[in-house]
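Here is a short tour of the model shown below.

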Amino acid sequence: MKPKVYLKELAFARSGDKGDISNIGLMAKNAESYQVIKKEVTPERVKKYFKGMVKGDVKIYSMDNLNALEIVLHNALGGGATRTLRLDQTGKSMCGLLQRMEIEVDEDVVNRAREAEEQILSRYESW
Amino acid sequence: MWNYIEPTRDSIRLKPREESDKKGEAAMKSLRIASGSAFWGDMLDPAVELAEKGNLKYIGFDHLAELTLAIMQRIKTKDPKKGYIDDIVAWTRTLLPITSKKGIKMISNAGAANPESAADEVVKIAKELGLTGMKIGVVTGDSIAEHMDEIRAKGWKFKNLDTGEEDIDRIKDKIVAANAYIGADCIIECLKEGADMVVTGRVSDNTLYVGPIMYEMGWDYSSKYTDLVAAAVTIGHIIECSMMCCGGGSNLWKVVKNSWRPGFPIAEVYENGEAVITKVEGSGGLVNEWTVKEHLVYEVHDPSNYLMPDGIADFTSLKLEELGKNKVKVSGIKGKPRPQTLKVCIGYSDGYIGEGHIFFSWPDAMAKAKRAEQWIRDRIKYLGLKLDELRIDYFGINMLHGKAAPWPSEDIDWNEMGLRITAKTKTRDEADAIRREVTHLWTAGPVSASFGVPFAPRPVVSLWPTLVPTDEVKPQASIKEVK
């Protein structure tokens with residue numbers, strides 16, 4: 001059996017808002033991880049994971065040129081930034097929540113994604 | 001391979017090595033444009049650094065969030081001379097002495113609900129600075145609140161894009177503001193008229209950049225330039241949120257240096273639609289393929305159809321390349337012609353929010369907080385308070401992620417625990433009752449309650465996002481000259 005890991009092991013993420021729509025850009029740390037998240041992160045799975053926070057559709061678009069997925073959550077922000085009771089009015093923390101979703105993935109793949117992140121960080125450490 | 005030649009203010013050259021080696025071939029036309037503000041209240045010092053050291057021709061300033069126009073419209077209703085973002089006063093006073101010397105043009109949407117009055121303030125400051133002859137472009141006409149009945153009479157429905165609701169009559173009497181995100185047409189017109197600065201109301205955020213890029217490059221909306229305008233839209237999108245493409249809000253935050261004195265983004269745009277994203281040398285922050293990517297995926301829906309009033313950009317066609325430290329080349333952008341409709345944000349009055357906080361200390365901090373939660377629920381029932389929604393969050397536990405956050409182990413001996421209690425109501429009094437009842441917990445609940453900060457009830461302006469046919473919106477450009 002493949003071990004379960006958090007999505008954060010494979011991908012960076014950033015979220016934002018337009019009205020009541022939350023969007024999460026999920027950026028794979030390497031090309032291999034991109035293939036995994038493309039397969040594993042499905043609209044059904046994401047909707048279920050958000051436990052009632054997302055009232056509308058979940059749409060996922062792929063950006064093969066950037067190894068990234070654009071995840072669009074409809075009716076997800078309690079009516080939008082100005083009317084919601086959520087403290088995170090604009091859903092800037094939705095990215096962290098998605099990164100905590102668990103997926104099953106080969107240990108080797110996770111190790112290579114971790115190495116990729118280390119390389120990325122060490123490359124820019126000196127800038 | 002690319003030759004990177006340090007730019008001078010008037011001519012910046014970057015061209016393919018093979019081409020530049022060909023004798024007699026003219027260098028590619030280019031333009032340096034930067035983002036000086038991402039929101040109302042952004043930092044001013046990075047904009048000053050940009051003006052002084054950026055070798056720029058333009059700086060764009062975005063001050064407007066989705067419903068800022070509704071707030072500004074309310075202010076204008078009380079005082080017809082107000083209703084603009086008054087940051088423009090301090091910004092202009094600080095920047096104009098620098099930009100006027102260097103010939104940098106500023107494009108700002110701080111005009112909000114009242115670009116005319118905002119421009120009058122700019123004229124006043126320019127006069128004080130002795131900048132006689134300076135021209136300030138004014139773009140108005142983005143508000144459609146006055147014409148909505150007319151447009152509806154022609155059969156147009158202002159369907160709510162979030163909810164699918166078609167019956168705008170439900171909110172008709174509560175509308176505070178309705179503004180279309182207009183394109184760059186009038187900004188370009190102002191620049192053609194010789195404007196040294198342009199003040200607008202609601203335009204799409206990236207239009208602040210698309211306008212000057214199109215004007216300088218001589219691009220228009222004809223099919224010949226579709227991909228190039230899409231490139232301008234994409235470049236505008238990348239830089240429009242200032243720090244957000246320069247290591248701000250970044251996953252790489254551990255290696256982002258000195259972002260307390262940040263370098264806001266500069267785009268060096270070329271006539272072939274390519275651009276280099278960079279920042280002032282020595283400033284804080286980070287520009288690399290990841291920080292640019294972070295902004296390319298930010299607040300985008302379908303990335304192959306990024307719909308903007310000036311054009312539709314396809315982010316799935318582009319390529320990012322690091323040319324060196326803090327220099328990222330963006331190329332290969334494709335697009336489609338501008339859409340026939342404009343996005344409109346309608347803001348309408350929608351009740352109130354009441355809020356109260358309370359904190360408990362060790363010992364038994366969590367148990368006390370749980371008891372307090374039950375107290376407030378029982379109290380609301382007992383008093384028969386009418387609430388449309390009630391939300392109770394535990395600080396540090398589920399305030400951001402609600403029910404989707406896992407509950408921590410019951411064995412943790414918390415140092416402290418706080419509750420945030422908030423409710424949406426129809427009236428101000430009902431909202432204030434929530435704040436009041438939380439204060440009653442101070443004396444009637446468990447020991448060690450700390451009061452936190454009192455919150456006044458706040459009026460809610462909700463958003464009704466919709467579309468309008470472009471033809472129904474009639475933006476206007478005019479010029480004020482400093483005499």
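This is a predicted model: local features need pLDDT of at least 70, side-chain atom pairs count only at pLDDT 80 or more; totals for chains, interfaces and linings use all residues.

## Around I235(B)

Residues are numbered from 1 along each chain as its sequence is written, and chains are lettered from A and ligands numbered from 1 in the order in which they are written.

I235(B), L26(A) and I277(B) have the most contacts inside the largest nonpolar core, which has 175 residues. Such a core joins buried Ala, Val, Leu, Ile, Met, Phe, Trp, Tyr and Cys residues through C-beta atoms within 7 Å. Domain 1 (2-142 + 181-339) and domain 2 (350-461) of chain B both contribute residues, so this core lies between them. The domain bounds come from an automatic or database domain assignment, and the C-alpha centres of these two domains of chain B lie 43 Å apart.

## Helix α12 of chain B

Helix α12(B) covers residues 428-444, and its 17 residues reach 24 Å from first C-alpha to last, close to the 24 Å expected at 1.5 Å a residue (1.5 Å times one less than the number of residues). Helices (H or I, at least four residues) and strands (E, at least two) are DSSP runs numbered from the N terminus.

Buried in α12(B) are A431(B), A433(B), I434(B), E437(B), V438(B) and L441(B). Seen down the helix axis, the buried residues of α12(B) fall within an arc of 145 degrees, so they line one face; the arc is taken from the directions from the axis to the C-beta atoms. Their cover includes β16 (341-361), α11 (365-383) and β18 (416-425) of chain B.

## Two loops worth a look

In the loop between β16 and α11 of chain B sits P363(B), and the peptide bond from W362(B) to P363(B) is cis, with omega near 0 degrees. D364(B) is in the loop between β16 and α11 of chain B and has a positive phi near 60 degrees without being a glycine. D364(B) is partly exposed, with 17 other C-beta atoms within 10 Å.

N326(B), in the loop between β13 (319-324) and β14 (327-331) of chain B, has a positive phi of about 55 degrees although not a glycine. N326(B) counts as buried, with 25 C-beta neighbours inside 10 Å. The cut-offs are 20 or more other C-beta atoms within 10 Å for buried, 12 or fewer for exposed, and partly exposed in between.

How values were computed: Two residues are in contact if their C-beta atoms, placed from the backbone, lie within 7 Å.
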